[in-house]
Amino acid sequence: MSVHVRVPTPLRRFTGGAEEVSATGGTVAALVNDLEKNHPGIKERICDENGQVRRFVNIFVNGDDIRFLTNLETAIKDGDEVSIVPAIAGG
Amino acid sequence: MYITGLVCRECGQEYPLAPLHVCDTCFGPLEVVYDYESIRQHLTRQVIASRPASLWRYRELLPVGQEPQVGLHSGFTPLVKADRLAAYLGVKELYVKDDSVNHPTFSYKDRVVSVAISKAMEFGFDTVSCASTGNLANSVSAHAARAGLRCFIFIPADLEQGKIVGSTIYGPRTIGIRGNYDDVNRLCSEVADKYGWAFVNINLRPYYTEGAKTYGFEIAEQLGWRLPQHVIVPTAGGTILPKVAKAFEELKKIGLIESGALPKIYTAQAAGCAPVIHALHKGADLITPVKPNTIAKSIAIGNPADGYYVLRAVRDSGGWGEAATDEEIVEGIQLLARTEGIFTEPAGGTTVAVTKKLIEQGRIPRGESIVICITGNGYKTIEAVAGKVEQPFLINARLQEFDDLYRSLTPPAPSRAGEAGLH
């Protein structure tokens with residue numbers, strides 16, 4: 001499945017400054033691996049050594065935090081909107 | 001200015017003093033670094049006492065270099081000795097720190113916003129913004145108006161009317177998002193990235209959060225430079241509790257307080273949105289986000305960015321935490337109003353209700369000093385209690401009718417001193 005992924009400022013040095021990139025994959029995990037293929041180094045920012053999403057990283061699929069879905073196993077379909085966002089501030 | 005830079009709270013990477021809030025390496029939050037040795041030499045009790053009654057009396061411990069431009073009357077709110085509430089709860093020494101009367105917008109947010117907007121002006125921003133559950137938007141709008149800055153605020157569309165008008169009156173552009181607070185926040189992260197505005201709780205966050213320390217400094221000063229033994233703080237995004245803990249530590253670090261143990265700190269959340277309480281009670285480090293469902297909208301943050309730091313501060317202090325149901329929250333609001341004449345909003349009702357629970361559970365000893373942290377004003381959230389308070393008795397303007405009514409309202413004989421007047 002091919003989707004657009006919105007990338008936050010701290011990760012744009014891996015994407016050549018692009019704020020949105022394409023990625024393919026049937027799950028969020030697969031998307032992350034695909035991103036790593038095209039933008040080496042990015043996966044380490046998103047996931048820790050155990051392959052889990054880092055504490056201060058949030059990934060949203062169509063506006064839903066993947067922690068409310070099935071985390072990295074969350075399924076992806078064509079046209080889904082994916083956003084990677086650093087920890088959300090309070091107010 | 002007594003700050004030397006920013007540092008990542010998680011991995012220690014250093015950054016310059018700029019509008020940054022996220023570590024490039026680990027996405028951890030950035031924090032301001034102070035030169036405590038210098039501050040120790042300059043900030044004494046006498047210097048503080050000589051300054052006006054505002055949060056800026058502690059300015060060396062705040063991350064602002066130039067003369068403060070906003071919030072000149074913010075902070076230094078009353079610390080009320082709450083004897084009637086103490087009697088009702090069966091405790092000896094109880095205080096209420098009352099930010100419901102903070103200037104200019106009646107919530108603790110005036111503290112963090114004063115600092116953030118002063119810093120934004122130092123950085124040369126011309127537009128300030130925020131993602132808000134209400135109190136923050138009120139505060140940002142008011143301070144922006146006073147400073148003559150352009151202002152955009154983002155709120156959940158279903159916010160209480162009082163809070164919406166309480167922002168738009170100051171003239172900002174107000175954007176209502178169809179969604180909950182976490183949705184608003186996520187969008188604002190993206191807008192902040194793209195538009196280059198000063199989002200007080202996003203790209204200005206390391207400076208913004210420092211303002212919350214003044215809440216703790218004041219408690220200590222108002223107790224006569226003494227630390228209380230137990231402090232109960234409401235938790236939403238997790239800003240205030242860790243900073244109140246830090247405030248007490250800093251006072252010791254720079255010698256403003258010499259002796260006495262650091263207080264035990266307790267977190268209070270609404271049962272309908274208690275991700276930190278769940279993690280605390282499970283002994284977990286990782287906070288699982290929740291979907292909020294509570295009348296306490298100002299603390300309805302399902303994914304608290306600083307939740308992890310709340311857990312740490314609570315555990316390090318030997319404190320605990322509890323959640324209050326919506327019903328208990330309303331009772332808490334009423335209890336505080338009827339015993340001490342303070343009308344707080346649901347976040348405050350939550351804190352009162354949780355304090356009551358913690359005392360009943362034996363977690364907070366009855367003979368020790370306790371401070372309940374009130375952070376907002378009940379006049380802004382009338383909807384939460386409107387259906388639950390006593391309605392007026394209706395009579396015509398005839399003395400006889402009043403005589404009859406009065407006779408029929410025989411007050412109950414007080415069975416214990418603390419219950420007098422609480423029918």
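**Strands and a helix in chain B**

Trainee: In β5(B), which residue is the bridge partner of Lys81(B)?
Mentor: We're looking at a predicted model: local features need pLDDT of at least 70, side-chain atom pairs count only at pLDDT 80 or more, and totals for chains, interfaces and linings use all residues. Residues count from 1 along each chain as its sequence is written, while chains are lettered from A and ligands numbered from 1 in the order in which they are written. In β5(B), the bridge partner of Lys81(B) is Tyr95(B).

Trainee: Which strand runs parallel to β5(B)?
Mentor: Strands (E, at least two residues) and helices (H or I, at least four) are DSSP runs, numbered from the N terminus, and two strands pair if DSSP finds at least two bridges between them. β4 (residues 79-81) of chain B pairs with β5(B) in the antiparallel sense, over three bridges. The parallel partner, joined to β5(B) by six bridges, is β13(B).

Trainee: How many residues of β5(B) are buried?
Mentor: Buried means 20 or more other C-beta atoms, placed from the backbone, lie within 10 Å of a residue's own; exposed means 12 or fewer, partly exposed in between. β5(B) spans residues 93-98 and is largely enclosed by the rest of the structure, because the buried ones number five of the six.

Trainee: And α12(B): which strands of chain B do its buried residues pack against?
Mentor: Eight of the eleven residues of α12(B) are buried, so the helix is largely enclosed too. Among them are Tyr308(B) and Leu311(B). The buried residues pack against helices α10 and α11 of chain B, and against the strands β11 and β12.

Note on methods: Two residues are in contact if their C-beta atoms, placed from the backbone, lie within 7 Å.
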